[in-house]
Amino acid sequence: MDAVRLILTSRRALAGSVGRAEILTEVWQAQALAQAIGSRLAVSGPPELRGEALGLTELAGRGCGVLDAPDLDHADLRAAQLTLLDDARAALIDLSGLLGEVGIALVALASAADDQGTYWQCMEAIDAADESRDRVLEMLRKLAAREEREREDREVWEERGEKEGAVLPDR
């Protein structure tokens, strides 16, 4: 399934979750999905994103690790359903939103926690979600810089082509 659809599904599931266990399951699902997206970008994404994508994979993995793994059937694991990441920009924008919502949900859980274990588990997961989101935002910045360079290169080619009568390469 496409990354953008999976992220949207996660956002809806997180928004509709009630109760500590359900919210933590959706937080874990979101972090696992971020880890899978980071891994996919690290292997086959744009070269300038690979370092940040590896970092995202590690941070999101830490986010899963600080939470108790939910008892999910493999078919219910959204990260395992990731088969397509066609539009890195759209996926990263949506993933940034999901990770922000994860942080908000965890803050609400931490403030309502009646035991220290849950509180600190939420605090560590908040840190992981925040750092994961920072990586996503950095990847978006790098994509924007690449697109700007490509636009400038295209303008230079167009200027040169007009002056010299050259045929521009197709992109």
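Q: Let's start with T57. Which residues does T57 touch, leaving out those up to four places away in sequence?
A: T57 touches Q35, G38 and S39. Keep in mind as we go that this is a predicted model.

Q: Okay, and where does T57 sit?
A: T57 is part of helix α3, which covers residues 50-65.

Q: Is T57 buried or exposed?
A: T57 counts as buried because its relative accessibility is 16%, and the cut-off for buried is under 20%.

Q: You mentioned S39. What lies 2.9 Å from the backbone nitrogen of S39?
A: That would be a polar atom of the T57 side chain.

Q: And G38, which helix is that in?
A: G38 belongs to helix α2, running over residues 20-44.

Q: Is G38 buried or exposed?
A: G38 is buried, since its relative accessible area is 0%.

Q: What is G38 in contact with, apart from its neighbours within four places in sequence?
A: G38 is in contact with A53, L56 and T57. T57, as we saw, is in helix α3.

Q: Let me zoom out. How many helices and strands does the chain have?
A: The chain has 5 helices and 0 strands. Read from the N terminus, the order of elements is α-α-α-α-α.

Q: What does the C-alpha trace span along its principal axes?
A: The trace spans about 75 × 30 × 25 Å.

Q: How much of the chain counts as buried?
A: Of its 171 residues, 40% count as buried.

Q: Thinking about contacts with a separation of 6 or more, what share comes from residues 24 or more positions apart?
A: Those pairs make up 78% of such contacts in the chain.

Q: Switching to α4 now. How many residues does α4 have, and what does it reach from first C-alpha to last?
A: α4 has 25 residues and reaches 36 Å, close to the 36 Å expected at 1.5 Å a residue.

Q: What happens at the start of α4?
A: A side-chain oxygen of D87 comes to within 3.3 Å of the backbone nitrogen of R89 there.

Q: I was also looking at E101. Where is E101?
A: E101 is in helix α4, which covers residues 88-112.

Q: How accessible is E101?
A: E101 has a relative accessible area of 28%, so E101 is partly exposed.

Q: What does E101 touch, not counting residues up to four places away in sequence?
A: E101 touches R11 and L14. With R11 there is also a polar contact, side chain to side chain, at 2.6 Å.

Q: How far is E101 from V27?
A: Their C-alpha atoms are separated by 9.2 Å, while E101 and V27 are 74 residues apart along the chain.

Q: On to T118. Which helix is T118 in?
A: T118 lies in helix α5, made of residues 116-164.

Q: Is T118 buried or exposed, and what is T118 in contact with?
A: T118 counts as buried because its relative accessibility is 4%. Apart from neighbours within four places in sequence, T118 is in contact with R20 and A113.

Notes:
Residues numbered from 1 in each chain as written. Predicted model: local features only at pLDDT ≥ 70, side-chain atom pairs only at ≥ 80, totals over all residues. Heavy atoms only, no water. Helix = DSSP H or I, 4+ residues; strand = E, 2+ residues; numbered from the N terminus. Buried < 20%, exposed > 50% of the residue type's maximum accessible area, 1.4 Å probe, protein only. Contact = heavy atoms within 4.5 Å. Polar contact = N/O pair within 3.5 Å; in protein donor to acceptor, adjacent residues only side chain to side chain. Expected span 1.5 Å × (residues − 1).
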